Amino acid sequence: MSDSVKVFAPGSVSNVGCGFDILGFAIDGVGDEMILTKNDQNKIIIQTVKDYEDLPTDPKKNVAGVAIQALLDDLESNQGFDVEMIKNIKPGSGIGSSAASAAGAVVAVNELLGKPYTRMQLVDFAMKGEEVASGDVHADNVAPATLGGFCLIRGYNPLDVIHIQPPADLWCAVIHPQIEIKTKEAREILSPQIPLKKAIRQWGNVAGLMAGLYTADYDLIGRSLEDHIVEPQRKVLIPEFDELKLSVMEAGALGCSISGSGPSVFALANGKESADVIAAAMDTVYKRTGLDYKIYVSKVSEGGVKIL
């Protein structure tokens with residue numbers, strides 16, 4: 001059995017418009033790399049991350065460290081690990097930076113310990129790490145990062161994740177303005193109450209999106225990608241959001257919304273050619289802002305964390 005392993009942990013889009021806190025999908029276009037190595041010190045040692053020196057190295061405060069410890073506690077193991085992270089997903093990006101670290105860590109540790117857990121079981125441990133970053137237990141990023149595809153979080157007590165393979169030609173374009181929106185702060189601006197009429201429309205969209213994914217009905221997927229509750233409140237945090245959304249929809253997007261807490265914005269497309277056109281529309285809008293940004297074009301990933 002190897003003493004070291006390298007993994008790729010993909011980025012992820014959560015909420016997916018209508019599915020606040022219950023829906024997410026993995027993307028191939030961007031992700032973190034992690035190298036985990038067994039040590040004989042019975043400690044989890046987090047190395048300082050290049051370019052992100054402000055990330056905590058205390059394993060009790062680091063998402064990867066907390067996720068690993070949750071797994072080890074369940075296994076009643078005192079095995080130590082050195083954890084090296086190559087962060088390609090900027091923290092606060094809205095495309096699952098902390099989730100990638102947590103998911104990559106538990107998949108790597110599970111590999112080094114002989115795979116005592118299934119991928120589905122690993123989601124629970126990764127979720128414990130994600131709580132450190134967001135202040136709340138949610139799996140809409142860590143589940144797709146771990147499992148790939150779309151993940152619907154039906155409930156948490158116990159954790160109930162429905163894994164859905166994406167339609168074959170479902171692609172995604174994501175623009176990441178280089179500003180940071182902290183998940184905790186983005187949650188604080190949300191109203192705790194929802195008018196019944198809005199809730200009913202939202203439930204219909206969630207059900208429609210699920211049906212569209214299962215039947216590969218791209219038109220239904222597009223019609224269902226509407227968020228009547230969270231997007232209207234959070235869009236003020238994202239520069240030129242309304243113009244950006246209008247432009248990508250005119251460019252042929254199935255739908256467009258905020259990725260996670262933002263500032264990233266995603267658009268789904270039927271095929272790579274359409275996704276490239278949408279990405280060009282994103283670029284045109286943001287060139288005028290003077291802000292730095294990155295754009296990713298990716299097929300919706302069928303797999304989660306990969307062993308390299």
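Searching the whole structure turns up 12 salt bridges, a salt bridge being a side-chain nitrogen of Lys or Arg within 4 Å of a carboxyl oxygen of Asp or Glu. Keep in mind that this is a predicted model: local features need pLDDT of at least 70, side-chain atom pairs count only at pLDDT 80 or more, and totals for chains, interfaces and linings use all residues. Residues are numbered from 1 along each chain as its sequence is written, and side-chain values use heavy atoms, with hydrogens and water left out.

**Salt bridges**
- R288 and E243 pair up through their side chains, N to O, at 2.2 Å.
- R288 sits in the loop between α10 (272-287) and β10 (293-299) and E243 in helix α9, so this pair ties together parts 45 residues apart in sequence. (Helices are DSSP runs of H or I, at least four residues, and strands are runs of E, at least two, numbered from the N terminus.)
- R288 is exposed at 55% relative accessible area, while E243 is partly exposed at 31%. (Buried means under 20%, exposed over 50%, and partly exposed in between, with a 1.4 Å probe and protein chains only.)
- R154 and D160 also form a salt bridge, at 2.5 Å from N to O.
- R154 is exposed, at 56%, but D160 is partly exposed, at 26%.

**Around α9**
- D242 bridges to K235, with their closest N and O atoms 3.2 Å apart.
- D242 is partly exposed at 48%, and K235 is partly exposed at 28%.
- V236 lies in the loop between α8 (231-234) and α9 (241-250), and V236 is exposed at 65%.
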